[in-house]
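Biologist: Before we use any label, I would like to see the model and then ask what each label rests on.

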Amino acid sequence: MRAATKRIATASLRHERHYQRAGYRILAGMDEAGRGPLAGPVAAAAVALPLQRQDLRKRLWGAHDSKQLTPAQREALNTAIKQVAVAWAIGCASPQEIDDCGIVAATQLAMYRALDSLHDFGIKIDCLFLDYMLLPKYSELPQVSLIHGDRRSLSIACASILAKVWRDEHMRELDERYPHYGFARHKGYGTSAHLEALRQHGACAAHRHSFAPVRAAQERTPA
């Protein structure tokens, strides 16, 4: 008996099509990666897709919440998105900026930077799709906030993938600079191995010193 083939989930274009019919021409999806880790930057991506393409979902088949994809799937889709997108950009906020202004404001800062870079392509965004968040700095720009947007909007899903792939690569680079912590494996999240490394070695410049587990681990670090 042949095993059933697992259905590949692909985020929808239903919301984008609705706004297209309302007269919006160029839509951009935005999402972030890395709000929860104890180390590394928070990253954000902005993606404008060619919504006039009838084969768009087929070209980006399997794109949805980046956390539900394997690394190989993310890498393949990362390449496909960059090939097909009208424009795409990445922004980030450093651990120091996260400590200075808090994770929510730092996430918005990363998004502002991504959106500013997207404008360098010479296109004017008519509407912005986001996963839950809104951007007060761009209050004049129509914004659509969708809960679980990376599963419901293809534009947001593509941004989710680009942000995740960029940040994972950055954490692998940090792993080479700070080999004691295992950043390449856990990407800065608070795993037991990461917390143990914090207790043994203290925090480094890549850590978010304002996050409670980092503070607590440093307090317990032997002198």
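**Labels and their cut-offs**

Biologist: Why is Tyr 181 called buried?

Modeller: The relative accessible area of Tyr 181 is 5%, and buried means under 20%, while exposed means over 50% and partly exposed lies in between (1.4 Å probe, protein chains only). Because 5% is under 20%, Tyr 181 counts as buried. Phe 183, at 0%, counts as buried by that rule. This is a predicted model, in which local features need pLDDT of at least 70 and side-chain atom pairs count only at pLDDT 80 or more, whereas totals for chains, interfaces and linings use all residues. Residues are numbered from 1 along each chain as its sequence is written, and side-chain values use heavy atoms, with hydrogens and water left out.

Biologist: How many aromatic pairs does a search of the whole structure find, and what makes Tyr 19 and Tyr 24 a tilted pair?

Modeller: The search finds four aromatic pairs. In one of them, the ring centres of Tyr 19 and Tyr 24 are 5.7 Å apart and the planes stand at 50°. Rings of Phe, Tyr and Trp (its six-membered ring) pair if their centres lie within 6.5 Å, and planes under 30 degrees apart count as stacked, over 60 as edge-to-face and the rest as tilted. Tyr 19 is partly exposed at 24%, and Tyr 24 is partly exposed at 27%.

Biologist: Why is the pair of Tyr 181 and Phe 183 called stacked?

Modeller: The centres of these two rings are 5.4 Å apart and the planes meet at 15°, so the pair is stacked.

Biologist: Which residues form an aromatic cluster with Tyr 19?

Modeller: Tyr 24 and Phe 129 form one cluster with Tyr 19.

Biologist: How do you know that Lys 67 and Asp 150 meet in a salt bridge?

Modeller: A salt bridge is a side-chain nitrogen of Lys or Arg within 4 Å of a carboxyl oxygen of Asp or Glu, and because the N to O distance between Lys 67 and Asp 150 is 3.8 Å, the pair qualifies. Lys 67 lies in the loop between helix H2 (56-59) and helix H3 (71-84) and Asp 150 in helix H6 (residues 149-152), 83 residues apart, where helices, of at least four residues (H or I), and strands, of at least two (E), are DSSP runs numbered from the N terminus. Lys 67 is exposed at 62%, whereas Asp 150 is buried at 4%. Lys 67 also meets Asp 65 in a salt bridge at 3.1 Å, and Asp 65 is buried at 2%. Asp 65, Lys 67, Asp 150 and Arg 151 are linked in a network of salt bridges.

Biologist: Why does Asp 131 have no salt bridge?

Modeller: Asp 131, in strand E4 (residues 127-131), is buried, and the nearest side chain of opposite charge, Lys 67, is 6.1 Å away (Lys and Arg count as positive, Asp and Glu as negative, and His and the chain ends are not counted). Because 6.1 Å is not within the salt-bridge limit, Asp 131 has none.

Biologist: Which backbone nitrogen does the side chain of Asp 131 reach?

Modeller: The side chain of Asp 131 reaches the backbone nitrogen of Gly 149, at 3.2 Å.

Notes. Polar contact = N/O pair within 3.5 Å; in protein donor to acceptor, adjacent residues only side chain to side chain.
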